[in-house]
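Visitor: Can you walk me through how this fold is put together? I'd like helices, then the sheet.

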Amino acid sequence: IPPGYYYYGASAGREWFIDPTNKFKDTSIPEKHLAMLDDVFEQVSHLLERQEYRVFTWVGSGLQKHYGHLTIAHQDIYNSVSQTLSDQIFEEINRIVILVDPEGSVLDVIRSNLDIKVMLKDKGAGQYFNKGHGIKMLCEKMKCDLKEGNILVCGDSATDLPMLEECLRQNPSGVYTIWVTSNPNLQKQVRDLCGSHNNKNIAFVSCPEVLLGAMAEATIREISIARPRGE
């Protein structure tokens, strides 16, 4: 990516916005599968209107409709939701998915430490379109070469691991990664993945504010270097 340019990705990298005249997305999803996701989204939206589940409209990232999958937060980084309630919403979402896809041939439900995702089974058994596929699609479409320069990868859940893996595959020594997590299992996965590429450029922070503050400080420092006082 040229210096000073930003490419915006969404839906786990299934959609990309380069500029107003250059937007693209994965076109491999059948319309009937998208309609099934829409059905699940509507039913989950109605579920969250019930008093006992209303908390999930503002916990973490809430309910999000993406192109190709749905995300429902069942927990936040402060563990403010009881395990019982978290389990209940997971069971309810599974029930809805079974109603929409009784044969289980199209949709799958995946639970991470913070989110529940309703995914399309479009990459074969046990495989789904992930952020690593999204990075790869961007590189192919835009002819990006990640083998040069440095790459900062930030994540907070297991769904971000494929993105880190793809960047490490293309540029093992140039990747720097920061993770917002105190989950020891996720931290181990990050260390093991980086270690498999002989990469030790890893940092863990406790909350998003720490990461945002550090990046703001780095940005201010870069501006100060580029524009010394008095100029």
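Guide: What follows covers helix packing, then the sheet.

Guide: This is a predicted model, where local features need pLDDT of at least 70, side-chain atom pairs count only at pLDDT 80 or more, and totals for chains, interfaces and linings use all residues. Residues are numbered from 1 along each chain as its sequence is written, and side-chain values use heavy atoms, with hydrogens and water left out.

Visitor: At what angle do α1 and α2 cross?

Guide: Roughly 140 degrees, with the axes of α1 (residues 31-47) and α2 (residues 83-100) coming within 10 Å. Axes are lines fitted to C-alpha atoms, for helices over the stretch in contact, and angles run from 0 to 180 degrees between N-to-C directions. Helices are DSSP runs of H or I, at least four residues, and strands are E runs of at least two, numbered from the N terminus.

Visitor: Which residues of α1 and α2 meet?

Guide: From α1, Met-36, Asp-39, Val-40, Gln-43, Val-44 and Leu-47. They meet α2 residues including Ile-89, Glu-92 and Ile-93. Contact means heavy atoms within 4.5 Å.

Visitor: Now the sheet. What is the strand order?

Guide: β1-β2-β3, an open sheet with antiparallel pairing. β1 (8-10) and β3 (22-25) are the edges, each with a single partner strand, so one side of each lacks a neighbour in the sheet. The twist averages 15 degrees from one strand to the next.

Visitor: How many bridges join β2 and β3?

Guide: Four, with β2 spanning residues 15-19. Strands pair if DSSP finds at least two bridges between them. Phe-17 stands opposite Lys-23 in β3.

Visitor: Which helix packs on the sheet?

Guide: α3 (residues 131-142), touching β2 and β3. The direction of α3 makes about 135 degrees with that of β3.
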